[in-house]
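Student: I have just opened this model and would like to learn how to read it. Could you walk me through its features one at a time?

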Amino acid sequence: MNKMIDSFLRYVPTDDWIKNSSRLPWLRLNLEVPTDAISNEAKNLYSRAVLHRDGDKFAHYSHQGWKSLTLYGDNSTTTAATDGPKNWTEIAPVCPNTVDFINKHWIIDGSTGRIRFMWLEPGGYILPHQDRERSMFFETNIAIAQPAGCKFRFLDYGTVPFSTGSSFLVDISNKHLVVNDSDQARLHMIVHATLKPTIIQSSYEQNFYS
Ligand SMILES: [Fe+2]
């Protein structure tokens, strides 16, 4: 192979470009997710979960069955965004496998935001919304339990192909909704922390450069 072409074929963008300039709606991640261990830890906590963004109103409608507990943040029942330093909350000691999984793949430091369990009850839904103006990747969304009939739908880009154990960076500056048309709870985790750059680059490579 011509050396010049060969060097272009070895090129993969930096994680900074992928996060801030790719403008992709989602990126499937190469992550091994210990779904059984995490869902067992979360199951024991479900009775303590609180309604998330209960006050959001869209005309006469509000979200239904959207519940959360915070593993890293202010405390377990403060699930909305807040300013200021954060730390592992009082539920972290009973979630050792989940904490290990987070520490293995994300950089936990002063820039880390909330890390939460997010449940959507059977028949529940999250109404269409956008979470920021600027297009970028930051949060990771991980499907711990994704019953058939659950959809994460970008209005303009379609359905993110979540299945149990899959994880994605999602650009939530794009309008999206979530629905659980099943008889089982959907459990995801949302991690507002910096993913290790090698994971982003290897995921991008696997998606687009094979
Ligand atoms: Fe959202």
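Predicted model: local features only at pLDDT ≥ 70, side-chain atom pairs only at ≥ 80, totals over all residues.

Student: Which residues coordinate the iron ion?

Tutor: Donors are N, O and S atoms within 2.8 Å of the metal (3.2 Å for Na, K and Ca); water is not among the atoms, so sites may look incomplete. Here H129 (NE2), D131 (OD) and H176 (NE2) coordinate the iron ion, at 2.1 to 2.2 Å. Their spacing along the sequence is H-x1-D-x44-H.

Student: Is H129 buried or exposed?

Tutor: Buried means under 20% relative accessible area, exposed over 50%, and partly exposed in between (1.4 Å probe, protein chains only). H129 is buried, because its relative accessibility is 6%. D131, with 33%, is partly exposed.

Student: How do I read a pocket, and what is the volume of the largest pocket?

Tutor: Rolling a probe the size of a water molecule over the atoms shows where empty space is left. On a 1 Å grid over the protein atoms alone, a pocket is an open set of points where a 1.4 Å probe fits, with protein on both sides within 12 Å along at least five of seven lines; lining residues have an atom within 4 Å of a point. Points are joined across faces, edges and corners, and the volume is the space filled by probe spheres set on them. For the largest pocket that gives about 390 Å³. Its lining has 23 residues, and R53, R116, D131, I172 and I190 lie nearest the centre. D131 is also one of the iron donors.

Student: Which element gives the largest share of that lining?

Tutor: Helices (H or I, at least four residues) and strands (E, at least two) are DSSP runs, numbered from the N terminus. The largest share is four residues, from β6. At least two residues each come from β6 (115-129), β11 (176-180) and β12 (186-191).

Student: What about the second largest pocket, and which residues lie nearest its centre?

Tutor: Its volume is about 240 Å³. Of its 14 lining residues, S39, K43, W119, A145 and L187 lie nearest the centre. Helix α3 gives the most, five residues.

Student: What is the phi of R53?

Tutor: Most residues other than glycine have a negative phi, and most peptide bonds are trans. R53 has a positive phi, near 50°, and lies in the loop between β2 and β3. R23 is not a glycine either, yet its phi is positive at about 60°. R23 sits in the loop between α2 and β1 (26-28), and counts as exposed because its relative accessibility is 63%.

Student: Which residues is S62 in contact with?

Tutor: Contact means heavy atoms within 4.5 Å. Leaving aside neighbours within four places in sequence, S62 touches D56, K57, Y125 and L127. S62 is buried, with a relative accessible area of 18%.

Student: Last one: how many disulfides are there?

Tutor: A disulfide is a pair of cysteine sulfur atoms within 2.5 Å. By that rule the count is zero. As for the cysteines, C95 is buried at 0% relative accessibility, and C150 is buried at 9%.

Terms used: Residues numbered from 1 in each chain as written. Heavy atoms only, no water.
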